[in-house]
Amino acid sequence: MVTAVNSVAQQAPVLDVMRRRQDFPILHREVHQHPLVYLDNAATSQKPWSVIEAERHYYAHYNANIHRGIHHLSQEATDAYEAVRDKVRDFIHASSREEIVFTRGTTEAINLVASSYGQCLQAGDEILITEMEHHSNIVPWQLLCQRSGAVLRVAPIDDAGQLIIEQFAGLLGPRTRLVGLTHMSNALGSINPVKALVELAHRSGAVVLVDGAQAVAHLPVDVADLDCDFYVFSGHKLYGPTGIGVLYAKLARLEAMPPYQGGGDMIKSVSFAGSTWNDLPYKFEAGTPNIAGGIGLGAAIDYVRNVGMSAIAAHEADLLAYASAQAKAFPGLSQIGTARDKGAILSFTLAGIHPHDVGTILDAQGVAVRTGHHCAMPVMERYGVPATVRASFALYNTRPEVDALFHGLAKVREIFG
Ligand code: PMP
């Protein structure tokens, strides 16, 4: 299991999970008279005090609009927000702060690339994605295909939920202009060999967008090493706030791209005869941004760096191994997604019981899991299931919480006979 994560795990410092749990106030509440067992981290993670406090502190002490104000509060807010850009740059190893564009999240970042970069696509060009993509890395490309006449191609996965590399390579051709692929699947947990795939795509002249919505909270990310053209993620899956995310793009790409949205902050000058655009990255940041969210994201990055991405990966690899062993022994449980290289996601069905019923009974015991198609309907179609139950782990989850999940599943079995 988890070759990449395992190799990180071997040298990783130990994560003191009980101490870390103290940092997350929500973990101390009860749900239906049971201690909360939060296993829906792939949908959104919980927030440590430092993130909550960073946002509160901004609103209580230096709330002001940024970039435009000469007054003191505006300068403080601008400095704090812009410092986060440097933090993000460093966190993902981008080479310059101009390459970091703030967005509302992964979805907006992908739509930005589809709308702006997508303008260079023409009828007959091809966009290649994979069968394991989240809807937000499918639908923007479908819309772009409708606008441009480009064609969407899909690289298939095998029964374990792994991309079939030979087929991916076979689908790359002289017409492939853009490849969109996830770093880690939210429905299956599969981790793609992104560096090798980027190299293949570049060899055939395509640019690559990597959806890092899941990976960024579980793996060290190095965009320089991956050599991808675009990397996108959301703050809220990285222990940060909702409504803030990041588009990383190579500088040359951003320089060549037209603006995404028009409005304040993205312009240098405006007249009725025409307007000129601001420098990077502001050309892509129209309007007042999510200032508090950005500041909260900075606190989240500080938090995970302090815990250590490799310690997080090691801890989660242990949880996944522990959960997978119990899953294998559980009667009637079929795992969906058994890739060799896999993040801390356990997706499954129970024979004869609808996933929503499983989720409801688990919820009554305080165990929060996700049930449904996980915004990856083509993955459900691939496995011939309407939905799965998904338990997804974070740095604060524990082995006793995994036990609570399986205790809950035993109850589901008991009720359904
Ligand atoms: N891609 C993947 C792999 C995801 O897991 C998600 C969130 N479930 C998204 C994209 C979309 O992220 P957001 O809703 O934060 O824009």
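Guide: What follows covers the ligand site, some strands and one glutamate, all in a predicted model.

Visitor: What lies 3.3 Å from a nitrogen atom of the ligand?

Guide: That is a polar side-chain atom of His134. Lys237 also has a side-chain N or O atom facing a ligand nitrogen, at a distance of 2.6 Å.

Visitor: How much of the ligand does the protein bury?

Guide: The protein buries 84% of the 400 Å² that the ligand exposes when taken alone.

Visitor: Back to contacts. Which ligand atom does the backbone of Thr106 lie 3.5 Å from?

Guide: An oxygen atom of the ligand, with a backbone N or O atom of Thr106 at the other end.

Visitor: Now the strands. Is β10 mostly covered or open?

Guide: Strand β10, residues 245–249, is mostly covered, with five of its five residues buried.

Visitor: Which residues sit on which side?

Guide: Gly245, Leu247 and Ala249 are on one side, Val246 and Tyr248 are on the other, and all of them are buried.

Visitor: What pairs with β10, and is it parallel or antiparallel?

Guide: Strand β4, residues 100–103, runs antiparallel to β10 and is joined to it by four bridges. Strand β9, residues 230–234, is also antiparallel to β10, with five bridges.

Visitor: What about β5 and β6, parallel or antiparallel?

Guide: Strand β5 (residues 126–130) and strand β6 (residues 151–155) are parallel, paired over five bridges. Within that pairing, Glu126 is opposite Val151.

Visitor: Which helix goes with them, and what is the handedness?

Guide: Helix α6, residues 139–148, forms a right-handed β-α-β unit with β5 and β6.

Visitor: Different topic. Where does Glu401 lie?

Guide: Glu401 is in helix α15, which spans residues 399–416.

Visitor: Why is Glu401 called buried?

Guide: Because its relative accessible area is 6%, and buried means under 20%.

Visitor: How far is Glu401 from Tyr38?

Guide: Their C-alpha atoms are separated by 8.4 Å, although the two residues are 363 residues apart along the chain.

Note on methods
Residues are numbered from 1 along each chain as its sequence is written. This is a predicted model: local features need pLDDT of at least 70, side-chain atom pairs count only at pLDDT 80 or more; totals for chains, interfaces and linings use all residues. Side-chain values use heavy atoms; hydrogens and water are left out. A polar contact is a pair of N or O atoms within 3.5 Å; within protein, one must be able to donate a hydrogen and the other to accept it, and residues adjacent in sequence count only if both atoms are side-chain atoms. Accessible areas come from the Shrake-Rupley method with a 1.4 Å probe; for residues, only the protein chains shown count as cover. Buried means under 20% relative accessible area, exposed over 50%, partly exposed in between (1.4 Å probe, protein chains only). Helices (H or I, at least four residues) and strands (E, at least two) are DSSP runs, numbered from the N terminus. Two strands pair if DSSP finds at least two bridges between them. A crossover is right-handed if, with the strands pointing away from the viewer, the path from the first strand over the helix to the second runs clockwise.
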